[in-house]
Amino acid sequence: MRWLTLYARSRQVPASLAAVLVGAVAVWALAGNGDGRSAPLLPVLALAAGATVASVGLGGQDVALDRTAAIRWRLRRTAHVLLIGTVVCAVPLVLRMFGEDLAAAGFLVRDAAGLTGLAAFGAAAFGARYAWTPPIAWLAVSMVTPSPEGLPEEVAGWLLLPPGTPAATWTAVVLAALGTTVYALAGPRR
């Protein structure tokens, strides 16, 4: 067996991919025939579901084995986070071709990057088992944040802001870069 196959199995990639697909299809099916552009919550829910189910694979079965293996884990960890972000973003983009356009591509890319970075940070801070907590917590904060009147509200509610909002874009970029870097360097917490 090749190392990539073993790595994918140990990180539960097939199950995570299936869950990402099912979650995105379920959200798009629930959207019905409404105007998706007026309600950005549905695409954000699909992206958050994808990032959280894929975050389970950010840790292996044995963290001690991962730490002692003679493998360059930093490169593999970085690639894994980038792959999660790509898949989480690509699934809704592909679904747009088959049905309703719920969100702009820029919106999906920005939010997928930020949520994946949050999940990677969660794996480094809390372990892969609880890596889902930062994306879900930020989503909850975004849902109750009042309409943005200043920079703090824009940063807190970046997930639901329209594409092209500078504060939302920079928040997503910083979260993606920070989460990926911390996870690549530190790995998942025990």
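Helices H5 and H6 run roughly antiparallel to each other, because their axes cross at roughly 150° and anything over 145 degrees counts that way. Keep in mind that this is a predicted model.

**How H5 and H6 meet**
- H5 covers residues 73–98 and H6 covers residues 105–126, and their axes come within 9 Å.
- If you're wondering about handedness, the crossing of H5 and H6 is right-handed.
- On the H5 side, the contact is made by Val81, Ile84, Gly85, Val88, Cys89, Pro92, Leu93 and Arg96.
- H6 answers with Ala105, Leu108, Val109, Ala112, Thr116 and Ala120.
- Sort the residues in this contact by class and you get 11 nonpolar, 2 polar and 1 charged.

**The largest nonpolar core**
- This core has 27 residues, and the ones touching the most other members are Leu47, Leu58, Leu108, Leu115, Trp158, Leu159 and Tyr183.
- Two or more residues come from each of helix H3 (41–54), H5, H6 and helix H9 (166–186).
- The top contributor is H6, which gives 7 residues to this core.

**A closer look at Leu108**
- Skip its neighbours within four places in sequence, and Leu108 is in contact with Pro43, Leu47, Cys89, Pro92, Leu93, Arg96 and Ala103.

Key. Residues are numbered from 1 along each chain as its sequence is written. This is a predicted model: local features need pLDDT of at least 70, side-chain atom pairs count only at pLDDT 80 or more; totals for chains, interfaces and linings use all residues. Side-chain values use heavy atoms; hydrogens and water are left out. Axes are lines fitted to C-alpha atoms, for helices over the stretch in contact, and angles run from 0 to 180 degrees between N-to-C directions. Helices (H or I, at least four residues) and strands (E, at least two) are DSSP runs, numbered from the N terminus. Angles under 35 degrees count as roughly parallel, over 145 as roughly antiparallel, 65 to 115 as roughly perpendicular and the rest as oblique. A crossing is left-handed if the near helix is turned anticlockwise from the far one by less than a right angle, and right-handed if clockwise. Contact means heavy atoms within 4.5 Å. Ala, Val, Leu, Ile, Met, Phe, Trp, Tyr, Cys and Pro count as nonpolar, Asp, Glu, Lys and Arg as charged, and the others, Gly among them, as polar. A nonpolar core is a set of buried Ala, Val, Leu, Ile, Met, Phe, Trp, Tyr and Cys residues joined through side-chain atoms within 4.5 Å. Buried means under 20% relative accessible area, exposed over 50%, partly exposed in between (1.4 Å probe, protein chains only).
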